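User: Please examine the strand pairing in the following model and answer some questions on it.

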Amino acid sequence: MQNTSDEYDVIVVGGGNAGFSAAHAAATRGRRVLLLEKGLPDMAGGNSFYTAGATRINHNGLDDVRDFVEPDERQARTVVPPYSPEEYAADLAKVTQGRNDPALTDVLVHESQAAVRWLQSLGVRYRLMYERQAYERADGSYLFWGGLHVGNVDGGEGLIRDHTAVAERLGTTVRYGVSVTGLVTEGGRVVGVTAETADGTEELRAESVVLAAGGFESNPEWRKQYLGDGWENAIVRGTPYNTGAVLQAALDVGAARGGDWGSAHSVQWDAECEENESNRVLTNRLTRQSYPLGIIVNNEGRRFLDEGADFRNYTYAKYGKVILQQPGSIAYQIFDATLRPMLRTEEYDMPGIGVHVADSIEELAASIHVDPVRLATTITEFNDSIDRSLPFDPTVKDGRAAHVDPPKSNWASPLETGPFYAYPVTCGITFTFGGLKATTDGQVIDTNGDIMPGLLVCGEMLGGLFSGNYPGGSGLAAGMVFGRRAGQIA
């Protein structure tokens, strides 16, 4: 075993958004930082690479974010509603049904904008997400919605590219193709890691180790064990490397579990695209997130959820699980010709997409192997139940409901103009919500309730913020906030 010591002050395990944030924070303090990434350069970046880059932050409106987002001529006719820390905290509590850790939440909702500003000052670029979070109104103006307005230039790919450039400039050593297999302890303190590389086994030492290696969503056995039967069949959206190995390494030296190990972030995911798992070319474009505009039916032709319960940002991360529970773990998003132009271009207009198009509902049903009579009945009942006295407005929760079972609470639009479209979706798992228990500075807590000297955690390995559901964009925000905090004391 090759033994390396006294060369680094901080070892960061994981090269995604959280890991890089921790590395930057440590490096700007003069710490000598080694970042270990399991993937080779063409597979690096963790789950962050696969994201759209959306980042949920507190702010006071357009004038409060204008100075750190890329200029855009549309800003002159754009409305960005303020999003206060109180609203942010309320959204977290709402979607998790109050199971979010209050101390972690308080830090996240108050420090998210500061963390974005800090990263932008280092060279990570941000923009307003017009194509995902705003609709153009009849007068040519744009209205942002859902508390999620800012994202990375070039999405997750741009985020990791920018992070990598910052790390190089700050003098951080990044090593690729390194699999951390264990933690090294001495006298009750974590003093390093053991790792496997192409050259063999190594022991690497430092004053502090920051764990930012994700959850266990890429491990089908763990998914079945902790999430339940059927989860072994979910499609992995992001990195194939988040197998829980580093979580296990921490548990082996006495770290305590934190958060909800029984739930995960999961979305509606293209069920028919040939390469729909860990696809680094299409990345986030395989999600199907315009579902609030139409209806979703299972392979029996029946609706089974409220597509308009809330803005997409507050429902999309839990509906993958609901689809996994449907017969065959598949469902179909249905739209007509009136709604089709409103669907997200980046997701619904791409090569190799799973889509069925027909001039009638009966022909559409035959194409997706659903009983034509049942599907036609579902759509007729839906159309007939819509409260058409209210205007259809996707920029607000318009209250335009379909009074069926289950109801559609907002954005109910009749499906009556051909051609009709069906997009097959299944469950795509993003990350698991369970992780390690830690302080708000990322100091890992052991099973006795004590802080483990030398060991910190951030990113998806930090348990406690999310449970059952998740408000869009809060994962990247949490990664940078708690990554920065860990790096500031590592």
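User: Which residue takes a positive phi in the hairpin of S23 and S24?

Analyst: This is a predicted model, in which local features need pLDDT of at least 70, side-chain atom pairs count only at pLDDT 80 or more, and totals for chains, interfaces and linings use all residues. Residues are numbered from 1 along each chain as its sequence is written, and side-chain values use heavy atoms, with hydrogens and water left out. Strands are DSSP runs of E with at least two residues, numbered from the N terminus. The hairpin has five residues between its strands, and the one with a positive phi near 90° is Gly449.

User: In what sense do S23 and S24 pair, and which residue is the bridge partner of Gln443?

Analyst: Two strands pair if DSSP finds at least two bridges between them. S23 and S24 have two bridges, in the antiparallel sense. In S24, Gln443 has as its bridge partner Leu456.

User: Which residue stands opposite Leu456 in the pairing of S14 with S24?

Analyst: Strand S14 (residues 208-211) pairs with strand S24 (residues 451-457) in the parallel sense over three bridges. Val209 stands opposite Leu455. Opposite Leu456 stands Val210.

User: Why is S24 largely enclosed by the rest of the structure?

Analyst: Buried means under 20% relative accessible area, with a 1.4 Å probe and protein chains only. S24 is largely enclosed because, of its seven residues, the number buried is five.

User: Which strands are the edge strands of the open sheet of six strands?

Analyst: The sheet has mixed pairing and the order S10-S3-S2-S14-S24-S23. Pairing on one side only are the edge strands, S10 (173-176) and S23 (443-445).

Conventions:
Helices (H or I, at least four residues) and strands (E, at least two) are DSSP runs, numbered from the N terminus. Buried means under 20% relative accessible area, exposed over 50%, partly exposed in between (1.4 Å probe, protein chains only).
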